[in-house]
Amino acid sequence: MSDDLIFYTNPMSRGRVVRWMLEEVGAPYQTEVMHYGQAMKSAGYRAINPMGKVPALKHGDTIVTECAAICAYLADAFPEAGLAPPLAQRGAYYRWLFFAAGPVETAVMNRVFGFEVPAEREATAGHGNYATVMDALEKGVSGSDYIAGGAFTAADVYVGSQIGWGLQFGTIEERPAFQAYWQRVSDREAYRRANDIDDALMPPEGG
């Protein structure tokens with residue numbers, strides 16, 4: 001039933017990552033657009049996500065937040081979509097999902113805000129430094145067509161989104177390997193469909 005899968009989002013948010021994943025899954029879902037400000041910080045929505053942020057997903061009695069976690073959950077909840085490798089082959093799949101959610105996100109946001117970990121403290125920081133993260137990510141997207149091997153998975157939705165946004169906004173270096181990977185993973189009907197849906201939900205310019 002469509003009301004069994006509820007997606008809380010805003011078209012100007014990381015919710016676009018989850019929208020793409022939902023379109024890849026192909027299961028019917030209901031969208032609840034959350035506006036920034038009072039609605040997103042209300043007690044009712046904080047019962048869904050105590051952080052007062054989007055995206056979030058409610059599937060029956062299960063609530064999942066955080067983009068990478070939602071992508072992984074949907075791949076498991078809808079195995080017929082084929083978006084997760086067999087359990088015995090999930091090493092790279094889990095590695096790159098969490099690498100993108102941890103070191104990549106941290107390194108990129110530190111760079112955006114002008115933070116730099118002192119060289120003598122890099123061993124303490126989980127991401128080390130931006131250059132090391134970019135080198136590791138480049139190696140990850142260069143070994144095969146997709147981040148977890150020869151087939152497209154939920155990890156490509158999440159890692160691809162991080163790289164795509166980074167290239168668009170200049171927070172990830174324009175290395176040929178990143179550009180080629182993004183072109184591969186974004187050339188999908190589900191990605192185009194998700195973008196069309198979210199673009200239609202954008203507020204009018206000047207509105």
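Where in the chain does Y36 lie? In this predicted model, Y36 is found in the loop that runs between strand 2 (30-33) and helix 2 (43-46).

## Surface patch

Y36 is partly exposed, its relative accessible area being 46%. Together with M12 and M202, Y36 forms a nonpolar patch on the surface, and the three residues have about 300 Å² of accessible area together.

## Largest pocket

The largest pocket has a volume of about 840 Å³, and its lining is made up of 28 residues, among which S13, R14, E105, M109 and W165 lie nearest the centre. By class, this lining comprises 15 nonpolar, eight polar and five charged residues. Helix 3 (67-77), helix 4 (91-112) and helix 6 (154-169) each contribute at least two lining residues, with helix 6 giving the most, namely six.

## Salt bridges

The structure holds 11 salt bridges. One of them joins R14 to E105, with the closest N and O atoms 2.7 Å apart; because R14 lies in the loop between strand 1 (5-9) and helix 1 (15-25) while E105 belongs to helix 4, the pair ties together parts that are 91 residues apart in sequence. R14 counts as partly exposed, at 39% relative accessibility.

A salt bridge also connects R175 with E138 (2.6 Å, N to O), linking the loop between helix 6 and helix 7 (176-186) to helix 5 (residues 130-142) across 37 residues. R175 counts as buried at 15% relative accessibility, whereas E138, at 26%, counts as partly exposed. Both residues belong to a network of salt bridges that also includes D135 and E173.

Conventions:
Residues are numbered from 1 along each chain as its sequence is written. This is a predicted model: local features need pLDDT of at least 70, side-chain atom pairs count only at pLDDT 80 or more; totals for chains, interfaces and linings use all residues. Side-chain values use heavy atoms; hydrogens and water are left out. Patches are made of residues with over 30% relative accessible area and no salt bridge: like charges are joined within 9 Å, nonpolar side chains (Val, Leu, Ile, Met, Phe, Trp, Tyr) within 5 Å. Accessible areas come from the Shrake-Rupley method with a 1.4 Å probe; for residues, only the protein chains shown count as cover. A salt bridge is a side-chain nitrogen of Lys or Arg within 4 Å of a carboxyl oxygen of Asp or Glu. Helices (H or I, at least four residues) and strands (E, at least two) are DSSP runs, numbered from the N terminus. Buried means under 20% relative accessible area, exposed over 50%, partly exposed in between (1.4 Å probe, protein chains only). On a 1 Å grid over the protein atoms alone, a cavity is a set of points where a 1.4 Å probe fits but cannot get out, and a pocket is an open set with protein on both sides within 12 Å along at least five of seven lines; lining residues have an atom within 4 Å of a point. Grid points are joined across faces, edges and corners, and a volume is the space filled by probe spheres set on the points. Ala, Val, Leu, Ile, Met, Phe, Trp, Tyr, Cys and Pro count as nonpolar, Asp, Glu, Lys and Arg as charged, and the others, Gly among them, as polar.
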